[in-house]
Amino acid sequence: MSSPDSPSGAPADRAGGSAPADRVGDGAPAGRASGLDPAIAGRLKRGADGLVPAIAQQYDTGEVLMLGWMDDEALHRTLTTGRCTYWSRSRREYWVKGDTSGHVQHVKSVALDCDADTLLVKVDQVGAACHTGDRTCFDAGGLPLGQ
C-alpha cells in the first residue's frame, strides 16, 4: 500500500523544498553551516554521508516506530520546532513528518546514544509512522532465529 510518505515518487512529507546546492552524493552535507548549537554539533559522530540515524519511538509505550536520517540542520529543525524533520536520502531534501500525510510526530525528547552516533527521538505519533500506512515500519514480520 502506498502512502503520502512513500519515497518512491509519490508525494511525501517535505520541509523547505529541494536540497541546498552544496549537497552532494547520497544527501551528504558539504560542510554546510546550520543553526544547530555548536556544543551539540561537536558531540555528533556522523557517517561518511554527514548523516546520523534517528530512531523514532512512541514516548509513552516504547513502541519503535521508524528509522530516519538527520543532518545538523534536520536535527536543529527538530529541536526548535517540536516536529520531526528528516533528510530524505532518495529525494535529497528535508521533510517534516506529517506535512502532507497528517501523520505527525510531536517531539517529546531527543537523546544521543553513548557513542554519539545515533539519535533517539521520543514522539507522540499521530496516525501511521510508516510510509506503507502501518503503525510502525517494523510490522513486516519477524525474521526466523537459529536457522
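Predicted model: local features only at pLDDT ≥ 70, side-chain atom pairs only at ≥ 80, totals over all residues.
Q: Which residues form the nonpolar patch on the surface?
A: Val64, Leu67 and Phe138 do, with about 290 Å² of accessible area together (Shrake-Rupley, 1.4 Å probe, only the protein chains shown counting as cover for residues). Numbering starts from 1 along each chain as its sequence is written, and side-chain values use heavy atoms, without hydrogens or water.

Q: Where's Phe138, and is it buried or exposed?
A: Phe138 sits in the segment after E8. It's exposed, at 54% relative accessible area (exposed is over 50%, buried under 20%, partly exposed in between; 1.4 Å probe, protein chains only).

Q: Switching to H2, which residues are buried there?
A: In H2, residues 72-81, the buried ones are Asp72, Glu73, Ala74, Leu75 and Thr78. Helices are DSSP runs of H or I, at least four residues, and strands are E runs of at least two, numbered from the N terminus.

Q: What follows H2?
A: Gly82, with a positive phi near 80°.

Q: And how do E3 and E4 run?
A: Antiparallel, with six bridges joining E3 (52-58) to E4; pairing takes at least two DSSP bridges. Val52 stands opposite Met70 of E4.

Q: What's in the turn?
A: The E3-E4 hairpin has five residues between its strands, and Gly62 in that turn has a positive phi of about 80°.

Conventions:
Patch = residues over 30% accessible without salt bridge, like charges linked within 9 Å, V, L, I, M, F, W, Y side chains within 5 Å. Salt bridge = Lys/Arg side-chain N within 4 Å of Asp/Glu carboxyl O.
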